Amino acid sequence: MINLEERSQVAFGKPLAQIGDAQVCRLLQDLVREHCQTLPIMEGKRRLYYVSAEFLIGRLLINDLINLGLYDEVREQLAQAGHDLAAVDDQEVEPSLGNGGLGRLAACFMDSVATLGLPGDGVGLNYHYGLFHQRFVDNQQTALPDEWLGEQDCLEDEGKSFEVQFGDFSVVSHLYSIDVPGYHNGKRNRLRLFDLEGVDDSLVPDDSIDFDKTKVAKNLTLFLYPDDSDEDGRLLRVYQQYFMVSNAAQLIVSEAVERGSNLHDLPDYAVVQINDTHPTMIIPELIRILTQEHGIDFEEAVGIVRHMVAYTNHTILAEALEKWPLEYLAKVAPKIAKIIELLDQMQREEHDDPAVAIIKDGTVHMAHLAIHYGFSVNGVAALHTKILEETELHPFYELYPEKFSNKTNGITFRRWLMGCNPDLTSLVDKTIGTDWHRTADLTPLMAHVDDDEVLDGLVEAKGKAKARMREFLLTHQGVTVPEDAIIDVQVKRIHEYKRQQMLALYLIWKYLDIKNGNKPARPITVVFGGKAAPAYTIAQDIIHLILTLSSWIANDPDVAPYLQVIMIENYNVSAAERVIPAADISEQISLASKEASGTSNMKFMLNGAVTLCTLDGANVEIADLVGEDNIYTFGTSSREVERLYAEGAYDPQAYYHKPGIKLLVDFITNPAFMATGNEERLRRLHDDMAHKDWFMALLDLEEYIQVKERVYADYEDRGAWVRKALVNVAQAGTFSSDRTIAQYNEDIWHLVPQK
Ligand code: F58
């Protein structure tokens, strides 16, 4: 049905075999675009609007080919002409519209919403330079603009615009969209991204992400999460949020009216899921539109909106729960500030409890607004939801137990197995057939955990994935990974609670152990990847420690043959797709209670890595599913961690002064080591660990070292290890985002699936 040969002739006047990967990529992007455009948009009286500040969608080509049912045919035709689809895929520029877990979650969700035939779109902003492009200079992170828009970007112009009124000026938006085809169902939804009319790219220098934050009418859609360490930056974030939600609300209302709503019945036409608190102002904005533009009275408007908006919480970290000075809101959007004050008053009349107040001391608590005036609050893993209900949001849970529910996160298997791991995919197909493509049920693999042919197949697939990762690391940053190395990976945003610093301390331990003559059975390659927020100094310091260690070890001939540390530069979705399939060990070592769910843990498991983890987030559910023989857990329990915080009972000095620990922490400031790095950064990190250690890396360090040694030793029992890996693949089905989305729909959205 598709003829790439002919397309190549028409587009380039050359046979397919004679065009380069970049040209093949163009052909395929055009092919995908044409196919998508022929698909009808999912219809439904009631529609979902998933509003999110970020959508970390990754490259689209392979995922779209899979969903459109073109993948096998394209791969075959390319192979016949001597092209490799993975190499072609490398030509696509990855959109830069996201940051971390909640952004990637939104992308997996859009894929699953479309696949389940649910009418629902993502709504967000079209950032021209994304979060930032990470480069390492002198073993430190520098942040550059991530320029991704260009001729072949995937944006379609919807030709729609809205006016957004700020306090003393107004701007006009322009709507673009990216197609989201469902898997083999002949329909599509869209990711709808608002841009600013008249946005001025020339405000952004080539070599830094500093720009004039006060030129709001020209800079609104330049960057995701612009630096908020000063007041201009914080104000800009509020401007961005209001720009996003005002556009979203106008879109929702206008489309509902087009579908026949009289607005009194708006909840029959639209449900809004807000991804974290960034879009919370959509509540007052919808109320504003209903009252001030459509003459509905205030109480009724509040009732309408109360039935429309559902909130997902992604963190219990107090510092990450958004709060804005009311005066900022009054400056950015005075009408919204006024409505929030009214909502606060109404709420106080119902419950006179400062713990649940929306406005406290002139500060607006966005989560509180979302909980009082939304109809649903969900956490993203069982443990996380339990902590919200019992601790962090307990006063709200007492008021509205019926609003709370858990929706354990999930990942799309189209991207995270079928797309990124073709060899494992074929092995699974060969072993249990292809029903799992639709159902995500991989448990039939359990019947094969002692089947040597399948276990050998798994080793072979892992070997091929490692070869792809080795090639990626070689071309991406010039490092050579030993062929038989054990691949141990921690990839995620850099944050103290995720405890990359604890793995760094282990690496120091291992380095010293090898120096003492204890050589590992085979080379160990530890791979890190992740960006640090530019204003988060300690996270920058952690990156610096990892990079300095990496060079230090590579330059030590006694150790380098046995231990290698790699930090992937500019870790993004495309890098994840190369690294995750190759991993043997999945590092999920957050301080228990702090990682809401994690989703890379699910991706690793699905790709046959064994998890080394604390009992945090969704790790708890992974452990329950695979059983204790097929996972390695360690560390202080979340209950105990909560107690330590509540009683202020953790004293890092008590741990630091243990001889086995002091040696490792002090290595960071040992003069010879420090001379190879930045003294200020290394000293600051050392002192922070020894005296503050807010996320308790030293607390779990000794046990972590012991367990890691056991993991590496167990890896040498190859038969037993591969069996563990297969159990992990077999039990991963629960973490399909199709399951998660089916639950959102069943409990929260109530959309009618399209046939
Ligand atoms: C993440 N949150 C959670 N926030 O950390 C992770 O456990 C969870 O699996 C994931 O959401 C999906 O539920 C997250 O990505 C952010 O990146 C915030 C963005 C705005 C600044 C503060 C962090």
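First, the ground rules. This is a predicted model, so keep in mind that local features need pLDDT of at least 70 and side-chain atom pairs count only at pLDDT 80 or more, while totals for chains, interfaces and linings use all residues. Residues are numbered from 1 along each chain as its sequence is written. Helices (H or I, at least four residues) and strands (E, at least two) are DSSP runs, numbered from the N terminus.

Start with helix H1 (residues 4-12) and helix H2 (residues 21-38), whose axes come within 10 Å and cross at roughly 110°. Axes here are lines fitted to C-alpha atoms, for helices over the stretch in contact, and angles run from 0 to 180 degrees between N-to-C directions. H1 and H2 are therefore roughly perpendicular to each other; angles of 65 to 115 degrees get that label, with under 35 counting as roughly parallel, over 145 as roughly antiparallel and the rest as oblique. On the H1 side the contact involves Leu-4, Arg-7, Ser-8, Ala-11 and Phe-12, and these meet Gln-23, Leu-27 and Leu-31 in H2. Contact means that the C-beta atoms of two residues, placed from the backbone, lie within 7 Å. By class, the contact of H1 with H2 has five nonpolar, two polar and one charged residues. In that scheme Ala, Val, Leu, Ile, Met, Phe, Trp, Tyr, Cys and Pro count as nonpolar, Asp, Glu, Lys and Arg as charged, and the others, Gly among them, as polar.

Next, look for an open sheet of three strands in the order E11-E13-E12, with antiparallel pairing. Strand E11 (323-325) and strand E12 (359-360) stand at the edges, each with a single partner strand, so one side of each is left without a neighbour in the sheet. Two strands pair if DSSP finds at least two bridges between them, and two bridges join E12 to strand E13 (residues 363-365). Ile-359 stands opposite Val-364 in E13. Lying across E11 and E13 is helix H13 (residues 366-373), which runs at about 50° to E13.

Now step back to the domains. The protein is divided into domain 1 (47-58 + 94-320 + 373-407) and domain 2 (482-716), with bounds that come from an automatic or database domain assignment. Taken over C-alpha atoms, the centres of domain 1 and domain 2 are separated by 33 Å. Their contact takes 30 residues from domain 1 and 31 residues from domain 2. On the side of domain 1 that touches domain 2, the largest share, five residues, comes from H14. The residues of that side divide into twelve nonpolar, 14 polar and four charged.

Where does the ligand come in? The shell around the ligand draws at least three residues from each of domain 1 and domain 2. In total 17 residues surround the ligand, the closest being Gly-100, Gly-101, Leu-102, Ala-596 and Ser-597; a residue is near a molecule or strand if its C-beta atom, placed from the backbone, lies within 6 Å of it. By class, this shell has six nonpolar, ten polar and one charged residues.

Further along is an open sheet of six strands in the order E18-E17-E16-E19-E20-E21, with parallel pairing. Strand E18 (563-568) and strand E21 (632-633) are at the edges, each with a single partner strand, so one side of each has no neighbour in the sheet. Four bridges join strand E19 (residues 585-588) to strand E20 (residues 610-613), and the bridge partner of Gln-588 in E20 is Cys-613. Helix H30 (residues 697-715) lies across E16, E17, E19, E20 and E21, running at about 165° to E20.
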